[in-house]
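Subject: Structure for your review

Dear colleague,

Please find below the sequence and the structure for your review. My notes on what was found follow directly after.

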Amino acid sequence: SIAVSSYLWIVLLAALTPSNAESPLKFESLSLNQGISHNMVYCVIQDRSGIVWLGSMYGLIRYDGHGYTTFTNDPNDSLSISNNDVVSIFEDSTGDLWIGTWGGGLNRFARDNSTFVRFLSDSSRIAIGGNTFWATAEVVNGGQRELWFAGAGEGLFRTRLSSETGARQFEKVELSFDKPVRVIQTLQSSSDSLLRIGTNVGIFEILNGAQIRHLPVLKGEIAE
């Protein structure tokens, strides 16, 4: 939960705080008073150029250390972000940003003109299930770079990084378990080819596109 995550961050920061009182950690508050669009922030990344991106309840926020730019949905503009609830942000190896939203699908941000390409479950040109995406990761499979997406309640999907936007297809990946695994909340690529997947029934490992291991949760602790 958000409360638990916040508590864990506080504990981590406390553990890293120097014991020497002469060099305390200093914090700068970034809130509505400083210009961000919403105080509810789900995710934060810093891209390769040093820009900080925040996913909030009211749009995607770009922070360059001096000022903010907020990208929000415009119902009359199909090139705007598909939904304002931004719950995941990922920068791929080409520098593109992939934006997962709560109920509004997946977006790829085109930096050159600050527009968004939308990928929705009701689109006839792709095969992606659900419209909420908690996480994205990039791995290498058979020499091809792939993007993997965690769809809330819908499972796992992947697509080739090099796919042309107009022809991009998403493949559903079923994890081997005694029942379909649909609750996936986190993805981590720990090497070029190894992907770890956090689910409600434990952690799965996929190497070169094939499942190699399942680390189950303790008996009686499976979340529905």
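Phi of Asn208 is near 55°, a positive value in a residue other than glycine. Asn208 is partly exposed, with a relative accessible area of 41%; buried means under 20%, exposed over 50%, and partly exposed in between, with a 1.4 Å probe and protein chains only.

Please note that this is a predicted model, in which local features need pLDDT of at least 70 and side-chain atom pairs count only at pLDDT 80 or more, while totals for chains, interfaces and linings use all residues. Residues are numbered from 1 along each chain as its sequence is written, and side-chain values use heavy atoms, with hydrogens and water left out.

Ser114 is not a glycine, yet its phi is positive, at about 55°. Its relative accessible area of 37% makes Ser114 partly exposed.

Turning to the chain as a whole, there are 1 helix and 16 strands. The chain has 224 residues, of which 39% count as buried. Its accessible surface comes to about 12,400 Å², and 52% of this belongs to carbon and sulfur atoms; the areas come from the Shrake-Rupley method with a 1.4 Å probe.

S7 and S8 also belong to an open sheet of 4 strands, in the order S5-S6-S7-S8 with antiparallel pairing; two strands pair if DSSP finds at least two bridges between them. Strand S5 (86-91) and S8 stand at the edges with a single partner strand each, so one side of each is left without a neighbour in the sheet. On average, neighbouring strands of this sheet are turned by 25° against each other, direction ignored; the axes are lines fitted to C-alpha atoms. Within the sheet, strand S6 (residues 97-101) is joined to S7 by 4 bridges, and the two run antiparallel. Gly100 stands opposite Leu106 in S7.

Which residue in S2 is the bridge partner of Cys43? That partner is Gly55. Strand S1 (residues 41-46) and strand S2 (residues 52-56) pair in the antiparallel sense over 5 bridges. S1 and S2 form a hairpin with 5 residues between them, and Gly50 in the turn has a positive phi of about 95°.

Yours sincerely

Notes: Axes are lines fitted to C-alpha atoms, for helices over the stretch in contact, and angles run from 0 to 180 degrees between N-to-C directions.
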